[in-house]
Amino acid sequence: MAKKEYTFPTDLFYDGKNHMWLKKDGDNHILVGIDAIGLDTLGDLAYITLKPKGTEVKKGESIGTLEAAKMTGDIFAPVSGKIISINNACVENPGIVNEDQYNKGWLVSIEATEWENENNQLISGENLQPWIEAEIHRMETQGFDA
């Protein structure tokens, strides 16, 4: 069986624990979405709920929930801060996340309050490829089709 190919843009940061991607702009505004392995593990998304704009969140706290073909669960904040925008298009049509996860499929924008302390816990740059390979190996040994 051929191995799956996963796309991981190299200009993003990744929360390795919860398979979230992060894109930072110049003002500590962080777009957040689900990375390729996380989305493959979930399958097709059916429902997404997100906490409202203005909600203060701590890294690791729930910012919403999702229901997908393979599981349901919480969506965890990869950084601390305040939710400044939610992607209503994805709430109304979760399939957008499956179709275009790194562009139209972002979930929330967070104004990070502890970026300088928390970004070193994220995966990026030269650490990205080894992490991807380790995650694929971990999934294969746990019986997932990676």
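Me: Buried means under 20% relative accessible area, exposed over 50%, and partly exposed in between (1.4 Å probe, protein chains only). What makes Glu135 count as buried?

Reply: This is a predicted model, in which local features need pLDDT of at least 70, side-chain atom pairs count only at pLDDT 80 or more, and totals for chains, interfaces and linings use all residues. Residues are numbered from 1 along each chain as its sequence is written, and side-chain values use heavy atoms, with hydrogens and water left out. Glu135 has a relative accessibility of 9%, and the limit for buried is under 20%, so Glu135 counts as buried.

Me: Why is Arg138 called partly exposed?

Reply: Its relative accessible area is 34%. Partly exposed covers values between the buried and exposed limits, so Arg138 belongs there.

Me: How do you know that Glu135 forms a salt bridge with Arg138?

Reply: A salt bridge is a side-chain nitrogen of Lys or Arg within 4 Å of a carboxyl oxygen of Asp or Glu. The closest N and O atoms of Glu135 and Arg138 are 2.8 Å apart, so the pair meets the rule. Both residues lie in helix α5 (residues 128–141; a helix is a DSSP run, H or I, of at least four residues), 3 residues apart.

Me: What makes Lys58 and Glu114 a salt bridge?

Reply: Their closest N and O atoms are 3.6 Å apart, which is within 4 Å, so the pair counts. Lys58 lies in the loop between β5 and β6, and Glu114 in the loop between β9 and α4, so the pair ties together parts 56 residues apart in sequence.

Definitions and conventions:
Helices (H or I, at least four residues) and strands (E, at least two) are DSSP runs, numbered from the N terminus.
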